[in-house]
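Please look over the structure below.

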Amino acid sequence: MFAVPANTVTLSAVPVAVHPARIATSVARDRHRWAHLLRYDPTERYSALIESTGEVEIWLLSWLPGQHTDLHDHAGSAGAFTVVSGVLTERVIRHPSPTARPIEVEHPVTVGQTRVFGPRYVHQVRNIGTDPAVSIHVYRPERAGMTHYHFDPKTGLSPAE
């Protein structure tokens with residue numbers, strides 16, 4: 001037996017939430033968990049729910065060349081995505097300061113790389129390459145929906161109708 005000082009903080013019985021990027025990279029490495037769900041759709045990107053726990057959603061997405069999302073956010077959800085195969089391009093609309101015009105930034109995302117996003121993060125994901133791509137997406141909390149946008153470099157973002 002040992003004494004515990006009075007000012008010691010005890011650990012919670014509930015484990016600390018794992019960051020969406022860690023979940024995405026872990027699931028991406030565990031092909032047995034999602035390979036049976038993988039499909040390609042010639043008309044639009046394919047998605048399949050891998051797991052939903054009430055706290056996180058984990059999705060498998062496949063992208064043929066030319067397939068993309070619209071410019072969107074994930075409402076109040078934060079998350080991450082990891083590329084399993086191929087190359088995706090993430091287009092992000094950033095606000096450098098509250099008074100500055102928003103700017104576009106593009107990030108190529110290659111195999112093994114992960115992109116992280118917070119609530120109200122506005123982006124578009126595209127496969128502009130010549131090979132199919134596969135990615136794992138994690139949302140915390142579960143996706144509450146998406147808002148789609150139009151972007152004009154002069155006037156900024158406006159909700160799509």
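The side chains of H123 and H74 are joined by a polar contact of 3.3 Å. A polar contact is a pair of N or O atoms within 3.5 Å; within protein, one must be able to donate a hydrogen and the other to accept it, and residues adjacent in sequence count only if both atoms are side-chain atoms. This is a predicted model, in which local features need pLDDT of at least 70 and side-chain atom pairs count only at pLDDT 80 or more, while totals for chains, interfaces and linings use all residues. Residues are numbered from 1 along each chain as its sequence is written, and side-chain values use heavy atoms, with hydrogens and water left out.

**Around H123**
- H123 also has a polar contact of 2.7 Å with E90, again between side chains.
- H123 lies in strand β8, residues 122-126 (strands are DSSP runs of E, at least two residues, numbered from the N terminus).
- The relative accessible area of H123 is 2%, so H123 is buried (under 20% relative accessible area, with a 1.4 Å probe and protein chains only).
- Leaving aside neighbours within four places in sequence, H123 is in contact with residues including D70, F81 and F117 (contact means heavy atoms within 4.5 Å).

**Strand β2**
- Strand β2 (residues 57-63) is largely enclosed by the rest of the structure, because 7 of its 7 residues are buried.
- E57, W59, L61 and W63 point one way from β2, and I58, L60 and S62 point the other way.

**Partners of β2**
- Strand β1 (residues 46-52) runs antiparallel to β2 and is joined to it by 6 bridges (strands pair if DSSP finds at least two bridges between them).
- E51 is opposite I58 of β2.
- The hairpin of β1 and β2 has 4 residues between the strands, and G54 in the turn has a positive phi of about 95 degrees.
- Strand β9 (residues 133-140) pairs with β2 in the antiparallel sense over 7 bridges, and I136 in β9 is the bridge partner of L60.

How values were computed: Buried < 20%, exposed > 50% of the residue type's maximum accessible area, 1.4 Å probe, protein only.
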